[in-house]
Structure formats: C-alpha cells, structure tokens
Protein chains: 2
Amino acid sequence: MSRERQGSLVSFRPDIKVVDCTLRDGGLVNNFRFTDEFVKDLYLANIKAGVDYMEFGYKASREIFKREDFGKWKFCDEKDIREIVGDNKTDMKLSVMADVGRTDFRKDILNRKDSVIDLVRVATYINTIPAAIEMLEDAKKKGYETTVNIMAVSKVSDVDLDGGLELLAQSSVDVIYLVDSFGAFYPEQVERLTDKYLDVAAKYGKKVGMHAHNNQQLAFANTIESLSRGASYLDATVSGLGRGAGNCYMELLLSFLRNPRYNKIAIMNFIEKHIGKLKEEGAVWGYDIPYLLTGTLNCHPSSAIQFIREKRTDYAMFYQDLIDTAL
Amino acid sequence: MSRERQGSLVSFRPDIKVVDCTLRDGGLVNNFRFTDEFVKDLYLANIKAGVDYMEFGYKASREIFKREDFGKWKFCDEKDIREIVGDNKTDMKLSVMADVGRTDFRKDILNRKDSVIDLVRVATYINTIPAAIEMLEDAKKKGYETTVNIMAVSKVSDVDLDGGLELLAQSSVDVIYLVDSFGAFYPEQVERLTDKYLDVAAKYGKKVGMHAHNNQQLAFANTIESLSRGASYLDATVSGLGRGAGNCYMELLLSFLRNPRYNKIAIMNFIEKHIGKLKEEGAVWGYDIPYLLTGTLNCHPSSAIQFIREKRTDYAMFYQDLIDTAL
C-alpha cells in the first residue's frame, strides 16, 4: 500500500500521542539513580507540557537484578510511583516498560485497578515475540493499555519482520513500535518501515509508534518522518537523555507539533533546573563520533559507551576494531 | 514536476560534490582566527577524505572590515592561501565566498589563471540578486566556476523566490544553492524547495546545492533529504563547526555517501587533534535550546549567540522576548 504524508505543518492530528521516556531510557545512563526532586519536577513539567504518557522506568525482575545496584526506577514499585504522583489525578497517563525475560510480570505487574499505571510497554527481540505476546495478554487481561517494541529491527530480515508483525498484530496489543535501537536508520528507511508497520497495523486496527536513537543526529528527523507517514505514538526524552547517543529531544518534538495541548516552556524550565546539573554530576549522553560509528555499522552502542567512558579519542582505531566485530 | 528520490542507499551518484565550509562558516565563530596548523591539517585531511571543494573563507572588503579585527581567512589573500596549498596540485578544488555589498570583487578577485582558487561562491539576499549576478558574471569572465547562495529564503515568498530563481538560472552561474540560513526548515519543506530549485535549474542546465544549519538537529537530515531529491553540491563542516547551531557535520555526511572516493577516517583524525582543543580555547557552536527557538521562529541566530555568550539559561524568558521581536 502506497502512502502519502499525513497532516500538514499548520494543522495537527489528534491521534498523536507523546510519550516521555526520560526516566526509562535516561535511567540506562545513570542506573536509574534520579533524585526524587528530579522525578517530581519532571512529572509536573510533563503535565504542564501536555505530554500524553510519562514512562517511569522498568518493571525489572528482582531475581535477576539486585535492588542495591540500581535506583528505584529500574523496578517501579507501585509505592514509589505513588510517592511522586499520588493517585495521578491528571490527564497524563503513566507507563512502565518490561523486557521479555527480565521481568516477573505475573507477580510484579498488579491489576490495573490497584495501580496508577495505565500503559504497559513490552520490549522484545524478534525471536521472543511469542513470549512478548504472553506478557501483552497478561497485561491486557489485567486491564492495561499495551504497546510492544520490537528492538534491533535493523538486524532483522524483511521476511522475519513480516512474520513477527503479523503475530503481534493478531494479539491484543494496542500499539506496535518501530524501534531504531542502534540509531542505524536513515529517514528513507524509516519511511519504508513505517509504511510496512502501518500496513499490518491497519489490518487489525492497531496503531504504530516510533522510538528513535540519535547516533547520526537523526532521532528527531526520523521521528517526524515516521509521524508524517502515519505513526502516532512518539517517544522522546528531555534533552535527548538516553543510552549512548540518546533519543529524540522532547523540546524539538514539542516545537514541531501544532496541537495547542503541547507547551515546550515547562520542559525548558525543567532543563534549566536539572539538565546542566545532571551533566555536571557526570551523566554522559548525546551524539558523539563513536555513536555515529556504531550507528552506521548497525551495532549495539555498548563498545562506544565504554570508549567514551575511558575518555579515549582514537576514533580511527575504534572504528577499525568495530569493523572487525560488527560486520 | 513531480520527482522521485534519486539514487539508492547502496550505490552512489557521481554528480555529488562535497564542499567543506569549515573555515568559512566556522570563521564566523572565532572571527577567522584559525592557526596555520589547523588550516594546513584541515587541507590535508580534506584531500585524504576525498572532499571535492574546500572553502577557505571570505573575500571581504578592506574598505568595510578592518584587517586587525579578523583572522586572515576573512580576506583570503592569494598569498595566504598559497602558503597553505602551494599550487594545490591535488584533485581537490578550492573556493572562496563573497557577500554582495561586502566585497571589492573587481579588484580582490584575480583572474583564475593567477589564482589557486577554482570556485567563487556568491552569497546574496533575495533583493540583491541583480548585484549578485554582476559578481557572478565578473567571476565567470575571469574563468571561475561559480555558485550562488540565496540566503534567508525561509523569509521569502514563493512568488519572489520564483522570480529570483529564474533570474539566477538565466545567468552564467553553475550551481544555485538552497540555504536554510536560520535552521528553520523541516525535511518536507526542504523536499518541496529542492524540487522547486531543481525545476528551474533543469531548464537552464544548472545544478542545485544545499547548505543547512543545525538549529533543530536537522542539518544532516535536510542535507540528505535535498540530496535524495537531486541536489548535488552538499555543504558540510567538520563537527558542524559554524555560526550558532552550526552546519551539517562532515563526518555524518561522509558516512552516508557510498562513493569510495570518500573516507571519513582522515576527518576523524583531524577532529581528534583539533576540535576538542578549539572548544577548550573557547569556541562555542552546535545545537542548543536558544538556537532551536530562533530556528522554529525563523529568525537570525544573533540573539541566541548573545544569550549563550552571556551564559544565560532563562530559556522561557528568552523565548518570550524572541516572540515579541520575531513574529
């Protein structure tokens, strides 16, 4: 099915939903060790900014991850979220993410009536989609909205992706996310993939979301490319805070959207208070040459994160090592 | 005329030319005060990287600008260029830029046979196009390749732009540049404008170039969008060095291009040696919130440059002031 751009630069599409993942993807930068003030201020800023969903973090398994190795947003206990949001009597919804194989979802994800969480987002690789569907059906049965992220699709063949999308679209999931885990995609690839996702989603009444990484300074460009094709759930983080090169900048995305619901001023005020401070305290994220290299070579940013942590700048040597292992 | 994307992600278009503007647009950051070592190393890196044109700076009028207020690349004397390049016995061509009304082009631009310069690039606003054409014809008569930048087109009406493009296309100029002076354009606007430029250019056998700014982290995305429509002259700078939010990053662009002529390793080595140092010495450029705001409001970055120079972070107040003056 050939598609045209949706919407225009002067109107807005009411189906668009903005999802703030600052704590969740940003937590991968500092092991989820945010101060309560940071989290509370972000919550209030997101409400003022008109953000549709705020993601607090992961529902990670305590069998696998030790409590003391991480801040509380790795686990997102109900009481910890409630300490920030009370009963969340606002029109912003809350979400958590759960990774296939790294969560005790049956136990740790409560019934929705007992939780302030509205949306459960499941992250899966292509080969764990049946396990993801099990989690999605559990969450749906408990009363939640659900989305699914198929990670690392830049490594997945078209035939496998088609099969995985078909399976997911037949589940009860509400939204299927296109995820550029490695920041490897150019806009024309995002265009083609978004069309593919939309074609399958449309058959089953599902929506499509976009989660981008900024390895090639394309996170925002790819997000609005996907949006302009018809994706409606858009992930972003404040100042792009997120693993490695980070994500689509919330302030860029809100500047682009024309819905009067959105207001970037609250986000700018949050940035003024918190983001410089976070950097001073040692958090490192955002575009840098090593991330460009892992992005263009379509591989995980872990080696680039390590390279930057060691304050190395011998980019050419890093690139040679990467070529050996990546291709 | 409706156009399709040109080329693919696995082949290359031999008509593509990469133009390094690091010294010229970057000179606006530090008043052109680059060390000779920086310039020489950049020249050698560009040759190794396969860059097609290297721009040394401006041919600025000494009647208007005092010699002592600027480094030498504001003026680009023949002898200064030759001190770096000798007779430039390489297959990389050299360019200079001349602004309408700020150059003594008849006197300061020599005959090409007496110069190592290959390309004269004229920068004009929409209302000085006749004066630009006078300069372009002078340069062509002297034997140069020529390009023209129409600046600030995000402020120009379609009817004026159509008229200006038609005038320029009828001149002897070789390449007409789409310039996003304020970093105001989204890729879909670049798509439409590139098509417009190409339609006029094609009638007269001209080529189209793209010069982007990074206010919304879209310089690279807009450059490859324009390229994929058919633009063939692509401006970039090392690490995006350029006024305000800077330009399209050379290392991103070379990573994208598939022509084996291009090699980003030489650029990465240059960055390792020089770019961190330049920042430590106080040069400031690159994406930041004030540039996002001037970009989305489609106005000159000067107030944002001033705001950042004063190390202010009261973004919300800056934004309010900007709205008052910009719209």
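How many helices and strands does chain A have? Chain A has 13 helices and 8 strands. Keep in mind that this is a predicted model.

Start with the overall form of the chain. The C-alpha atoms of chain A fill a box of roughly 55 × 50 × 45 Å along the principal axes. A compact globule of 327 residues would have a radius of gyration near 20 Å, and the 19 Å of chain A agrees with that. Burial comes next. A residue counts as buried if 20 or more other C-beta atoms lie within 10 Å of its own. By that test, 53% of the 327 residues of chain A are buried. Now take the contacts in chain A between residues at least 6 apart in sequence. Of these, 78% join residues at least 24 apart.

Turn to the second chain. The contact takes 31 residues from chain A and 31 residues from chain B. On the chain A side, the elements giving two or more residues are α7 (187–203), α8 (219–229), α9 (250–256), α10 (264–280), α11 (289–296) and α13 (315–326). The largest share comes from α10(A), with 6 residues. By class, the side of chain A that touches chain B has 17 nonpolar, 8 polar and 6 charged residues.

How are the two chains related? Chain A superposes on chain B by a rotation of 180° with 0.0 Å of shift along its axis. The RMSD is 0.0 Å. That is the relation of a two-fold axis. Both copies use the same surface: 100% of the contact residues of chain A recur in chain B.

Key. Residues are numbered from 1 along each chain as its sequence is written. Chains are lettered from A and ligands numbered from 1 in the order in which they are written. This is a predicted model: local features need pLDDT of at least 70, side-chain atom pairs count only at pLDDT 80 or more; totals for chains, interfaces and linings use all residues. Two residues are in contact if their C-beta atoms, placed from the backbone, lie within 7 Å. Helices (H or I, at least four residues) and strands (E, at least two) are DSSP runs, numbered from the N terminus. Ala, Val, Leu, Ile, Met, Phe, Trp, Tyr, Cys and Pro count as nonpolar, Asp, Glu, Lys and Arg as charged, and the others, Gly among them, as polar. Copies are superposed by least squares on the C-alpha atoms of residues with pLDDT of at least 70 in both. The radius of gyration is taken over C-alpha atoms; the globule rule is 2.2 Å times the number of residues to the power 0.38. A residue is buried if 20 or more other C-beta atoms lie within 10 Å of its own, exposed if 12 or fewer, and partly exposed in between; C-beta atoms are placed from the backbone.
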